[in-house]
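Keep the 3D view open as you read.

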Amino acid sequence: MVQEKSGVWITGASSGIGKAAAEEFARIGCRVFVSARRVTELERLNKSLKKEKLELDIYPCNVASSANVEQTAKKILSTHKIDCLINNAGITSFKLVEENSINEIDDIINTNLFGSIYTIKAVLPKMIEQGGGTIINILSMVTKKVFTNSSAYAASKNGLMAYTNVLREEVRKYKIKVINIIPGATVTPMWPQEVRKESSERMMATDDIARLLVWVFLQKENMISEEIVVRPIEGDL
Ligand SMILES: NC(=O)c1ccc[n+]([C@@H]2O[C@H](COP(=O)([O-])OP(=O)(O)OC[C@H]3O[C@@H](n4cnc5c(N)ncnc54)[C@H](OP(=O)(O)O)[C@@H]3O)[C@@H](O)[C@H]2O)c1
């Protein structure tokens, strides 16, 4: 259990890894601010947690909109502190460069890269003021090796990795931790149904990734796991 109620803002909490993370952080006693575009899914999650006498704070937000992110962060910060930001919202399209439309590419970069930059910019001044904080980015194995059908996704995740590697060095002096989690294939709706049907046994479970996030967050104040690669024991898909 955490001592004082820590505030944790999780983007993309309506599904997959973000949803599992919201549950785990609530279970260890954090105050969890959950964002996504599908409010009904966030409400459904909250309802299911009522059985465990837990409650999440719902803040609908489209991270691809800088104005929306700014408003949302302002709303949360007007009454609470954010000790941890988890940049988890993300999309992909599993298409070749020649098949990807400009709109699809825009959406992927705006959500995965700019969305995370917007949230970081929105919480950073308060984290500096409060003398600490944790920023966790959910990256991907595309930062470690080349996967075809993932060009825009790879650009977004590698861009975020480059951005946050610089940020980490700039904010060490404030005791702000910038942590990059690099997961391999995990069973979530991001993967096409056929893939999940065929390979879910060998893919990782969202609960296990969520527990890893909690473990990283609870590490001692004076140490940081800067980058963690976690993949299925049988390797990538
Ligand atoms: N699954 C894997 O194998 C895997 C591996 C490595 C990394 N990741 C990363 O893990 C993260 C979570 O993905 P997942 O696998 O859990 O997929 P998922 O189940 O499809 O979840 C994606 C989440 O992102 C949210 N989202 C998408 N666009 C958004 C936007 N514009 N604004 C706010 N929220 C948005 C979705 O909510 P709404 O649609 O309700 O907005 C949803 O909650 C992603 O960053 C992904 O790249 C996944």
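What follows goes from the sheet to a pair of helices and then to the ligand.

Bear in mind that this is a predicted model. Start with the sheet: it is open and has seven strands, paired in parallel and running in the order β3-β2-β1-β4-β5-β6-β7. Strands β3 (57-58) and β7 (227-230) sit at the edges with a single partner strand each, so one side of each has no neighbour in the sheet. Look at the β7 end, where β6 (residues 176-183) pairs with β7 in the parallel sense through four bridges. There you'll find Asn180 opposite Glu227 of β7. Helix α5 (residues 151-171) lies across β5 (133-138) and β6, and runs at about 155° to β6.

Now for the helix pair. Helix α1 (residues 16-27) and helix α7 (residues 206-217) have axes that come within 8 Å and cross at roughly 55°. That angle is why α1 counts as oblique to α7, and the crossing is right-handed. On the α1 side the contact includes Gly16, Ile17 and Ala20, while α7 brings residues including Thr206, Ile209 and Leu213. Sorted by type, the contact residues come out as eight nonpolar, two polar and four charged.

Helix α1 turns up again at the ligand. Which of the 30 residues around the ligand come nearest? They are Gly12, Gly16, Arg37, Arg38 and Gly90. Two or more shell residues come from each of α1 and α4 (102-130), with α1 giving the largest share, three residues. By type, the shell splits into 13 nonpolar, 14 polar and three charged residues.

Terms used: Residues are numbered from 1 along each chain as its sequence is written. This is a predicted model: local features need pLDDT of at least 70, side-chain atom pairs count only at pLDDT 80 or more; totals for chains, interfaces and linings use all residues. Axes are lines fitted to C-alpha atoms, for helices over the stretch in contact, and angles run from 0 to 180 degrees between N-to-C directions. Angles under 35 degrees count as roughly parallel, over 145 as roughly antiparallel, 65 to 115 as roughly perpendicular and the rest as oblique. A crossing is left-handed if the near helix is turned anticlockwise from the far one by less than a right angle, and right-handed if clockwise. Two residues are in contact if their C-beta atoms, placed from the backbone, lie within 7 Å. Ala, Val, Leu, Ile, Met, Phe, Trp, Tyr, Cys and Pro count as nonpolar, Asp, Glu, Lys and Arg as charged, and the others, Gly among them, as polar. A residue is near a molecule or strand if its C-beta atom, placed from the backbone, lies within 6 Å of it. Two strands pair if DSSP finds at least two bridges between them.
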